[in-house]
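Please consult the sequence and the structure shown below while reading.

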Amino acid sequence: MTIEVLNESGLTLDVQATSRLARFVMDRLRVHPLAELCIKAVDEPTIAELNEKWMEKQGPTDVLAFPMDELRPGKVNEEPEEGVLGDLVLCPAVAERQATERREAGQADYTTEAELQLLTVHGILHLLGYDHAEPEEHRVMFGLQDQLLAEYHAS
């Protein structure tokens, strides 16, 4: 599995920890061992530009997912598809703001690192075809996201 993590945000991002988390999630979801993923952390102007160009939305966002070969989670007793999973673009500045909001809302110990982990898992799930537009999709995707984060922290 090839996972490249680039930090061009100007803020702190634990590149090794982000790579370990991505590998953990991809292993758990039975993504082909030769699959490729690129995670890039960028500043707010850069993610705002990408958000407008590709999502037709204004302003910065927390994470964008750009799937390449439309890989899906592997199934038990079935060989997973080989290919390029895609690119994730994270914005640590937005993650930092969101972590602050959660602390102010009562989650006193919530960190920017925890928010970046959540966004990494969330983005990988999008790359694997998960969505949350409909209530049932939301329940499935966010349930799996919570499960993967809990398993990662327990490992």
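## Helices on the sheet

Helix H2 (residues 44-55) lies across S3 and S4 and runs at about 50° to S3. Helix H1 (residues 15-28) lies across S1, strand S2 (36-41) and S4, at about 145° to S1. Contact means heavy atoms within 4.5 Å. Axes are lines fitted to C-alpha atoms, for helices over the stretch in contact, and angles run from 0 to 180 degrees between N-to-C directions. Helices (H or I, at least four residues) and strands (E, at least two) are DSSP runs, numbered from the N terminus.

The model is predicted: local features need pLDDT of at least 70 and side-chain atom pairs pLDDT 80 or more, while totals for chains, interfaces and linings use all residues. Residues are numbered from 1 along each chain as its sequence is written, and side-chain values use heavy atoms, leaving out hydrogens and water.

## The sheet

The open sheet consists of four strands in the order S1-S2-S4-S3, with mixed pairing; two strands pair if DSSP finds at least two bridges between them. Its edge strands, S1 (2-7) and S3 (63-67), each pair on one side only. S3 and strand S4 (residues 84-90) are antiparallel, joined over five bridges, and Val63 stands opposite Leu90 in S4.

## The H3-H4 crossing

The axes of helix H3 (residues 92-104) and helix H4 (residues 112-127) come within 8 Å and cross at roughly 115°. Residues of H3 that meet H4 include Pro92, Ala95 and Arg102, and their partners in H4 include Thr112, Leu116 and Leu119.
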